[in-house]
Amino acid sequence: MKNYLGAVLAIGVIAVGGWYLVNSSAPKVDALTIGVIESLTGNAAYYGEETRKGVELAKKELQEKYGDVVVVTNHQDSFYTPKGGVDAYNAIRASGPVDAVITHASPITMAVQPLAAADGVLQMAVSASVKNYSSPNDLSFRTSASTDFEAERIAQFISEKKYARLGILFFQNDIGVSVSESLKAELAKRGAETTIVFSEGFVITSTDFKTQLAKLKAAGADAVYIVGLASNVANILNQAADLSYGPQFLGFRSSEDPTLLTNAPTASEGFIYTYNFDPAGTSAPVQNFSKAFEEEYGHQPDAYAAEGYAGMKLIVEAFVRCGKDYACVGSYLTSLNDSPSVLGNLTFDENGDVKYDFFLKTVKDGRFVALEN
Amino acid sequence: MEYLVHLAIIFAIYAILAVSLQLIVGFTGLISLAHAAFYGVGAYSVALILENTGFGFFPALVLGILVSAIAAFLIGIVLSKFRDDYYALGSLGFTVIVFSIFLNWQELTRGPLGIPGINRPELFGFVFSENIVYLGLALILLGLCYAFSTFVTKSSFGRALQAIREDEVALSVFGYHTSWFKLAVFVMGAGMAAIAGGLFASYITFIDPSSFGVPESVFMLSVIILGGLGSLRGAVIGALVLVLLPEALRFVGFTPDIAAQMRQVIYGLMLVFLMLYRPQGLAGTYRL
């Protein structure tokens, strides 16, 4: 009799345990609608388009992984203006209930943030590193590390190389100002022996930089840090070559765009910049992503695609674990610590800010490659 | 519904801009590209006053109108000596200067970082936080601007403006100081543009210089040309069409990889055809 009861008890425990295991790993959600607000036209269209590709690839993989979860994306163009972002957000909301919204670029992200917060919609910002986005204990997160992290890496490089006279050229938008200010602060913090001899903003549509380059040359800058679109960087490098001015040019993440290689094939050689994604990286997430992206779109992914991809994955994984319990979704994302991703190991803080390492890349033989040594 | 309310608010803001610009361009014949600057002055004034003082939205809006009107008065003294392309160039220069101030005076405007977290209007403890209520406020202000503009255009002052448009020299022969009329209508238009700016700032709750540059002035000019010059009704219709058309195109079923680009192509084509077949605009009485 005792043996019989024991067997029944054991079967019961196994059954309950099995039921719990099956149900705890099963998705807690059956359908998700995610609005994606990108800059699909205008100056930042290239970056928005790459983000869109990353998001769609992640969606495809997630649907294969969680066959029962229907993921719907609603892409809307922000025209790279705050008003366009708000228009797009309202258009998405008008199409039906939305569980999360991905916002591309800082001005759009900032304009949408209060709306998403008021609606209780999870917001995942990509290519948005402006500091003001940080806000504690809400549903706003991002896959772009704050400008301080990027500036830290390039400041380290500048200090190591002991450049004596640094010039800074930045586009006059939120990113340009944030990155250049972060770099100045970081250099000061490090006590670097580098003097900033020139710092000037330019309008994003500028094409003629010869005046600034002449001033930089006259100031004797031996390194010039450029915060601009790849098209800006290409023009600066070409025009510097025309002026026979050859300092070490440095840049930040938006430099990596095929435009740089096609518009400045010779002058871009040796250009060094900070980046957060290496498609040739050896980690499993990066290799899988790069391979799948190349198969899908016929070219290598960049950081914008990677940020969109990572953002989409984080959103869906959070909902799969928590269902529509937004408190749980927020806690899950905030609790991520050294979580492997295509952007390296991600750690979120209570502000929804992500932390990961930036590294240096360069243009070598007409290709974007990781900088060795 | 919420989306329609949002579009209606944006329409009301642009209708105020269009009606006020119509006074300057459509009724007086002065091609002004300075309207985005006054729109921005209103927006930044309201945002900065709300952020840095204890004033509420409505006193801030009144101060914003004053700041914009004073700026218009100062620049208008110079501009009112010109007309036609010289006026357009002078007003364009003013917009570029104001845009540069928004962009570069970082201690005041925060430059490209913009001003986030602008509060919604509050009146006797009632906060206009719901969009439908905000729409009511926007429509009331539009109604007031429209009524004021109607009064102006139907007055003897308005008839003088139209006479300036038709033949400024002839009017000055009769002893009219046309430059004062031009200055006055410019200041009125700027004040109303500031109302639109204040509404925009407190509705979107985030402003940066990108919303107040030369392209925005060109867009406002397109609104009144498409709606029809010399007609307040045309200005409102123009705002309705140009605000709603790009939004309606969001729902045309293109695949995501080409949707945004195709919308812009269709939008551009529709405007070209409209101007080809209706060059006087939708409700215009006057052609430039």
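Helix 1 of chain B and helix 9 of chain B are roughly perpendicular to each other (65 to 115 degrees). In this predicted model, local features need pLDDT of at least 70, side-chain atom pairs count only at pLDDT 80 or more, and totals for chains, interfaces and linings use all residues. Residues are numbered from 1 along each chain as its sequence is written, while chains are lettered from A and ligands numbered from 1 in the order in which they are written.

The axes of helix 1 (residues 2-27) and helix 9 (residues 214-227) of chain B, lines fitted to C-alpha atoms over the stretch in contact with angles running from 0 to 180 degrees between N-to-C directions, come within 9 Å and cross at roughly 75°. Helices are DSSP runs of H or I with at least four residues, and strands are E runs of at least two, numbered from the N terminus. Residues are in contact if their C-beta atoms, placed from the backbone, lie within 7 Å. Helix 1 of chain B contributes residues including B:Tyr14, B:Leu17 and B:Val25, and helix 9 of chain B residues including B:Met220 and B:Ile224.

The contact between the chains takes 21 residues from chain B and 27 residues from chain A. On the side of chain B, helix 11 (256-277) and helix 1 each give two or more residues; helix 11 of chain B gives the most, with four residues.

| Property of chain A | Value |
|---|---|
| Helices | twelve helices |
| Strands | 15 strands |
| C-alpha box along the principal axes | roughly 95 × 45 × 40 Å |

Notes. Parallel < 35°, antiparallel > 145°, perpendicular 65-115°, else oblique. Contact = placed C-beta atoms within 7 Å.
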